[in-house]
Amino acid sequence: STLQEKINQTIVDVNDFPKEGIVYKDITPLFLNPELSGEIVDAFVEKAKGKVDIVCGIESRGFLYGIQIAQKLNVPFVLIRKAGKLPPPTISESYDLEYGQATIEVNSNYIKDGARVLIHDDVLATGGTAEACAKLVEKCGGKTTQFSFIVDLTFLNGKDKLTPFATDIVTLIE
Ligand code: 5GP
């Protein structure tokens with residue numbers, strides 16, 4: 001079977017999590033399967049080869065394959081975290097949620113001027129989080145040249161928020 005079929009057969013839909021009416025995609029069963037996880041990392045690496053100088057992973061599931069992608073590309077891996085988790089010096093970016101606001105941070109020294117950045121996460125939903133990450137990368141002087149996600153929840157049109165930053169948006173399943 002294809003990589004897409006294998007991912008689809010492995011990911012679990014969880015109804016009414018974290019709130020009633022939401023169907024949550026649980027991707028953690030992917031990590032139970034080292035062979036499939038290796039194929040997923042390789043697929044992302046193939047798409048990013050020669051195109052990026054840094055991989056930024058979004059807390060927390062973006063760290064898991066993100067660092068493996070960076071190591072295979074032989075480029076630095078940078079953590080983007082929720083506010084208050086990283087020691088200084090940091091730069092932050094706030095963005096709106098359905099209820100309230102969220103703030104993310106990155107070490108202000110790690111993204112060099114003009115660096116081509118891959119922003120990686122597990123799931124693209126509304127795109128608000130990845131968009132805020134791209135703004136953060138911009139504040140640091142970097143340029144987002146690719147986004148990658150395991151899953152795109154296409155009905156939320158998250159890609160629309162990201163195309164102003166980069167049109168290269170890699171998703172393994174929709
Ligand atoms: P967005 O900002 O695109 O609306 O939400 C994306 C963030 O929320 C990502 O960091 C992602 O991990 C998380 N997220 C949203 N929906 C889901 C989901 O159904 N499954 C998982 N695993 N993460 C989700």
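This is a predicted model: local features need pLDDT of at least 70, side-chain atom pairs count only at pLDDT 80 or more; totals for chains, interfaces and linings use all residues.

Me: Which element gives the most residues to the shell around the ligand?

Reply: The residues around the ligand include Tyr24, Lys25, Asp121, Asp122 and Val123. Three elements, β2 (23-26), β7 (116-124) and α4 (128-139), each supply at least two residues of this shell. The one that gives the most, with 3 residues, is β7.

Me: What percentage of the area that the ligand exposes when taken alone is buried by the protein?

Reply: A nitrogen atom of the ligand is 3.2 Å from an N or O atom in the side chain of Tyr24. An oxygen atom of the ligand is 2.6 Å from an N or O atom in the side chain of Asp122, and a backbone N or O atom of Ala125 lies 3.0 Å from an oxygen atom of the ligand. Taken alone, the ligand exposes 510 Å². The part of that area buried by the protein is 81%.

Me: Which pocket corresponds to the space taken by the ligand?

Reply: The shell around the ligand includes Thr126, Gly128 and Thr129. The space that the ligand takes is the largest pocket.

Me: Is the aromatic pair of Phe63 and Phe77 stacked or edge-to-face?

Reply: A search of the whole structure finds 4 aromatic pairs. In the pair of Phe63 and Phe77, the centres are 6.3 Å apart and the angle between the planes is 90°. Planes over 60 degrees apart count as edge-to-face, so the pair of Phe63 and Phe77 is edge-to-face.

Me: How many residues apart are Phe63 and Phe77?

Reply: Phe63 is in helix α3 (residues 61-73), and Phe77 is in strand β4 (residues 77-82). The pair links distant parts of the chain, and the separation is 14 residues.

Me: Where is the residue Asp16, which has a positive phi although it is not a glycine?

Reply: The phi of Asp16 is about 60°. The place of Pro18 is in the loop between β1 (12-15) and β2, and the peptide bond from Phe17 to Pro18 is cis, with omega near -5°. Asp16 lies in the loop between β1 and β2.

Me: What is the omega of the peptide bond from Glu59 to Ser60?

Reply: Ser60 has its place in the loop between β3 (54-58) and α3. The peptide bond from Glu59 to Ser60 is cis, with omega near -15°.

Conventions: Residues are numbered from 1 along each chain as its sequence is written. Side-chain values use heavy atoms; hydrogens and water are left out. A residue is near a molecule or strand if one of its heavy atoms lies within 4 Å of it. A polar contact is a pair of N or O atoms within 3.5 Å; within protein, one must be able to donate a hydrogen and the other to accept it, and residues adjacent in sequence count only if both atoms are side-chain atoms. Accessible areas come from the Shrake-Rupley method with a 1.4 Å probe; for residues, only the protein chains shown count as cover. On a 1 Å grid over the protein atoms alone, a cavity is a set of points where a 1.4 Å probe fits but cannot get out, and a pocket is an open set with protein on both sides within 12 Å along at least five of seven lines; lining residues have an atom within 4 Å of a point. A molecule sits in a cavity or pocket if more than half of its atoms lie within 2 Å of its grid points. Helices (H or I, at least four residues) and strands (E, at least two) are DSSP runs, numbered from the N terminus. Rings of Phe, Tyr and Trp (its six-membered ring) pair if their centres lie within 6.5 Å; planes under 30 degrees apart count as stacked, over 60 as edge-to-face and the rest as tilted.
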